[in-house]
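Subject: Structure handover

Hello,

Here is the structure I promised you. Please open it and keep it beside this email as you read.

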Amino acid sequence: WSHHPWQVLLFHQQHAQKKFSEIIKEIQPDVLYSQMIRTAEYTKHFHDIPKILDYMDALSLGLQKRKDKAPWYTKWFWSDEWERVKKYESIIAHYFDALTIISQKDANGIVLPEGKKINVISNGIDFDFFSPNNISGNNAVCFTGNMNYPPNIDAALRLGTQIMPLVWKVKPEAKLIIAGAEPNKVLIQTLTDHRIQITGWMDDIRNAYQQGKVFAAPMTMGSGMQNKILEALSMGLPVVCSELAADAFEMDLKKELTVAHDDHEFAQAILQHLNNERAKPLDTARQIIQSQFSWKKVTEPLLLLLQSSTQ
C-alpha cells in the first residue's frame, strides 16, 4: 500500500535495514552518503548524523521517456512508476542536509522543496587511461555500455536495425561494434548481421574504442551524463549522438559533438566520419575534458561538501 516508487520498495528490505542500522551504530560515521533514491530509505531516519543524497540522475526524466516508448501492455506500469518517482524525488529531499546530482539538466528535472538546492557534481574520467593511443582507424562504428540497461538496449537496437542499414547502402563493408557487459538476449537474437560484433564483457573497454573510427550514441531514453561519450572523445574518436545525450554537457563541449536528430542524419554523419569528410581535430574536446572532468577537478566540490557537512 506504499506510495513509494517500486524500485525504492524493491531495494529496501527490513532485514537489510536492521543490519545496516547495526553497522551505523557500531562505526558511528561522520556523514551518511546515499547514492540514488533507491538507498534513501536506509538512511533518511538517522537524524543525528549529517546526510547527503546523491540523486546521480533525475530518474523521473528517464522514466518519462520510457513510459512514452513502452508497449501498451506495460505503459500503465511505467506511467505509474514515473508519477511515483517524480513525487518521491521531491519529498525525499526534506530528509537530507545536502543534495548532489550529475548535471544541471538533471537538477532542473527535480522539483525541490523551498529552501533546498542541488549541488551539481559531474562524472569524472581518467584522462591518462583513456588516451588516443593505438586507434586502428577501421571502418567501424562503436557503441559501449551496460548492454542489459534499457536505454542502451534501445540505442543498440536503433543502431543495428535502423541506422546501420542506411550506412550499409553506401558503405557495405562498415562494421558495428557493440561492447559491454551482459548483452540482453533481444540484442543477440535481433542483431544477427555478420557485420555486427556484440562483444559482451571486455576486460579493457579501451579495446572497443581502439577498433572504431566513430562513436555513435543514438540515445532516446535515459538521463544523466553519458560517460561513454567522455571516454570516446578522450580516446580520440569523433562522436555522433542524439540531442538527449548531448544535453547533459555544457555548450563548450556540446559544440564538439555531432548532434543528429533522426536515423538519416545519424547515417549521414557516420558516413562522413568513416570517409574522413568530417574530420576535425579533437584537441579542443580533450582539453575541455581534461579541465572539467578530471577526477581531481570533480571530486574537490564533493570533498568540500562532505567536510562542511560534518562541521
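Below is what was found in it, topic by topic.

First, the ground rules. This is a predicted model, where local features need pLDDT of at least 70, side-chain atom pairs count only at pLDDT 80 or more, and totals for chains, interfaces and linings use all residues. Residues are numbered from 1 along each chain as its sequence is written, and side-chain values use heavy atoms, with hydrogens and water left out.

Helices and strands here are DSSP runs, numbered from the N terminus (helices: H or I, at least four residues; strands: E, at least two). Buried means under 20% relative accessible area, exposed means over 50%, and partly exposed is in between (1.4 Å probe, protein chains only). Contact, or touching, means heavy atoms within 4.5 Å.

Helix H14

Look at residues 283-292, which form helix H14. Its buried residues are Ala285, Arg286, Ile288 and Ile289. They sit on the same side of H14, because they cover an arc of only 160° around the axis. That arc is taken from the directions from the helix axis to the C-beta atoms. What covers these residues includes helix H10 (227-234) and helix H12 (251-254).

Glu231

Helix H10 also holds Glu231. This residue is buried, yet it has no salt bridge. A salt bridge needs a side-chain nitrogen of Lys or Arg within 4 Å of a carboxyl oxygen of Asp or Glu. The nearest side chain of opposite charge is Lys228, 8.0 Å away. For charge, Lys and Arg count as positive and Asp and Glu as negative; His and the chain ends are not counted. Leaving out residues up to four places away in sequence, Glu231 touches Ile125, Phe130 and Tyr209.

Empty space

Rolling a probe the size of a water molecule over the atoms shows where empty space is left. The search uses a 1 Å grid over the protein atoms alone. A cavity is a set of points where a 1.4 Å probe fits but cannot get out; a pocket is an open set with protein on both sides within 12 Å along at least five of seven lines. Lining residues have an atom within 4 Å of a point. Grid points are joined across faces, edges and corners, and a volume is the space filled by probe spheres set on the points.

The largest pocket holds about 1,100 Å³ of space. It is lined by 43 residues, and the closest to its centre are Met56, Asp57, Asn146, Tyr149 and Asn152. Among the elements that give two or more residues to this lining are helix H7 (150-170) and H10.

How many cavities of 30 Å³ or more does a search of the whole structure find? One. The largest cavity has a volume of about 70 Å³. Its lining includes Leu61, Lys105, Asp106 and Leu244. Helix H6 (104-108) and helix H11 (243-246) each give two or more residues to that lining.

Are they buried or exposed? Gly180 is buried, at 8% relative accessible area, whereas Glu182 is exposed, at 54%. Gly180 touches residues including Gly145, Thr199 and Trp201, not counting those up to four places away in sequence.

Most residues other than glycine have a negative phi. Glu182 is not a glycine, but has a positive phi of about 50°. Gln28 also has a positive phi, near 50°.

Best wishes
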